[in-house]
Amino acid sequence: MIRISRDYVTDCLKAGLEPAAYCESGDVAEFETRDCYDDNDITEDNPYGNHPDGLENPATGPLYVRGAEPGDVLKVEILGIELREYGIMRTSVTDGAFHHLYEKKTARRFYFKKDETAGSYRISFDDKLTLDCDIMIGVIGTAPAGDGVITITPGSHGGNMDCRKIGIGTTLYLPVNTPGALLAMGDLHALMGDGEMMICGLETGGIVTVRVTVLKKAEAGYLWDALPLLDADGSLMTIQSAETLDEAAKLAACRMQRLVAAVTGLDDVNSGMLMSLKGNLVICQIVNPLKTVRCEFPKEVLECYQ
Ligand code: CA
Ligand code: CA
């Protein structure tokens, strides 16, 4: 088993990075991730941590997948995620929907209770409320085309999409823009609602197990135009990021309409009608330099045409 330790992190996804490990198409690999504060030992008493020069949103990797060439698609099956013992939330005084309410940064730690039989995690929010965790990967991407992209920004390569549906048992399709694809990931959230309203999820680190498979250009077909694309909860989801939510929503919807038209053979009028009847636009996050929206479309509708 390939395992990339938390010592191999980057705060910028880009072509030319030294690979942390190499694998073949179809291999399973483990990524040991730091939290988004670079494991900065944040506590209630020390909300800034002990090394304020730490990386923002460090991503573990990159993994070089042999045989992946520009124009191919990288299929990433998320097989499992194990969390460390606690998660952190911290307020921001400059960003997020509620920053005007806060005069200083305040942090809280939440320790996980693990159900070993089910493999699930819970937290106690207070003496009235216990919450089930629903683990997601905030940052996951390949090297982008052109210049590098820092790991606080999402884009067509993936990155800091903060889509809460990217979790255990789902499959994410990402573009290959450079030889080897150079996959990296981090910024685990044990729990987060759509929007990531305050500024963060329940930020934590852990070990993510994935299988990576290269789909060559010829077999990837219409997938390339829909990337990043997620297969989760019985739906396909196009995940798009832009300066505004309006732009991101339109991009996500248009990418999905093209996919639906390609799969069903319907023309633009009828595929547009079907999108309006069965597609859903959902905000992923409103707190990153580009905002992210996903368009969900049920696979059972597409299967009627196959
Ligand atoms: Ca994030
Ligand atoms: Ca985060």
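**A buried metal ligand and what surrounds it**

Tutor: Let's start at Glu203. This is a predicted model, and in it Glu203 is buried, with a relative accessible area of 2%.

Student: Is His189 buried or exposed?
Tutor: Buried, because its relative accessibility is 0% and the cut-off is under 20%.

Student: How far apart are ligand 2 and the calcium ion (ligand 1)?
Tutor: The two ions are 3.3 Å apart. Asp187 coordinates both.

Student: New topic. What is the strand order in the open sheet of nine strands?
Tutor: E1-E5-E20-E7-E17-E21-E22-E24-E23, with mixed pairing. Strand E1 (2–4) and strand E23 (280–285) stand at the edges. Each has a single partner strand, so one side of each is left without a neighbour in the sheet.

Student: By how many degrees are neighbouring strands turned against each other?
Tutor: 25 degrees on average, ignoring direction.

Student: Which helix packs on the sheet and touches E21?
Tutor: Helix H2 (residues 245–264). H2 also touches strand E22 (235–242), E23 and strand E24 (291–298). The direction of H2 makes about 145 degrees with that of E22. Helix H3 (residues 268–278) lies across E23 and E24, at about 100 degrees to E24.

Student: How many bridges pair E23 with E24?
Tutor: Five, in the antiparallel sense. A hairpin of five residues joins the two strands. Val282 has Arg294 in E24 as its bridge partner.

Student: And what joins E17 to E21?
Tutor: Three bridges, again with the strands antiparallel: E17 covers residues 171–175 and E21 covers 229–232. Thr171 stands opposite Asp231 in E21.

Student: Now the inside. How many residues are in the largest nonpolar core?
Tutor: 43. Those with the most contacts inside this core include Leu63, Ile140 and Val212. Strand E7 (residues 73–83) gives the largest share, five residues. A second, separate core has 24 residues, among them Val73, Ala252, Leu274 and Met275.

Student: What does Ile140 touch?
Tutor: Leaving out residues up to four places away in sequence, its contacts include Val76, His157, Ile166, Leu172, Leu183 and Met185.

Student: Where is Thr209?
Tutor: In strand E20 (residues 206–215). Thr209 counts as buried, at 16% relative accessibility. Its contacts beyond four places in sequence include Val28, Glu30, Glu77 and Leu79.

Student: Last one. How many aromatic pairs are there?
Tutor: Four. One is Tyr22 with Tyr64: ring centres 5.1 Å apart, planes at 45 degrees, so the pair is tilted. Tyr22 is in strand E4 (residues 21–23) and Tyr64 in strand E6 (residues 59–65), 42 residues apart. Tyr22 is partly exposed at 40% relative accessibility, and Tyr64 is partly exposed at 23%.

Student: What about Tyr86 and Tyr111?
Tutor: Tilted too, with centres 5.5 Å apart and planes at 45 degrees. Tyr86 is buried, with a relative accessible area of 10%, whereas Tyr111 is partly exposed at 47% relative accessibility.

Notes: Residues are numbered from 1 along each chain as its sequence is written. Chains are lettered from A and ligands numbered from 1 in the order in which they are written. This is a predicted model: local features need pLDDT of at least 70, side-chain atom pairs count only at pLDDT 80 or more; totals for chains, interfaces and linings use all residues. Side-chain values use heavy atoms; hydrogens and water are left out. Two strands pair if DSSP finds at least two bridges between them. Helices (H or I, at least four residues) and strands (E, at least two) are DSSP runs, numbered from the N terminus. Axes are lines fitted to C-alpha atoms, for helices over the stretch in contact, and angles run from 0 to 180 degrees between N-to-C directions. Contact means heavy atoms within 4.5 Å. A nonpolar core is a set of buried Ala, Val, Leu, Ile, Met, Phe, Trp, Tyr and Cys residues joined through side-chain atoms within 4.5 Å. Buried means under 20% relative accessible area, exposed over 50%, partly exposed in between (1.4 Å probe, protein chains only). Donors are N, O and S atoms within 2.8 Å of the metal (3.2 Å for Na, K and Ca); water is not among the atoms, so sites may look incomplete. Rings of Phe, Tyr and Trp (its six-membered ring) pair if their centres lie within 6.5 Å; planes under 30 degrees apart count as stacked, over 60 as edge-to-face and the rest as tilted.
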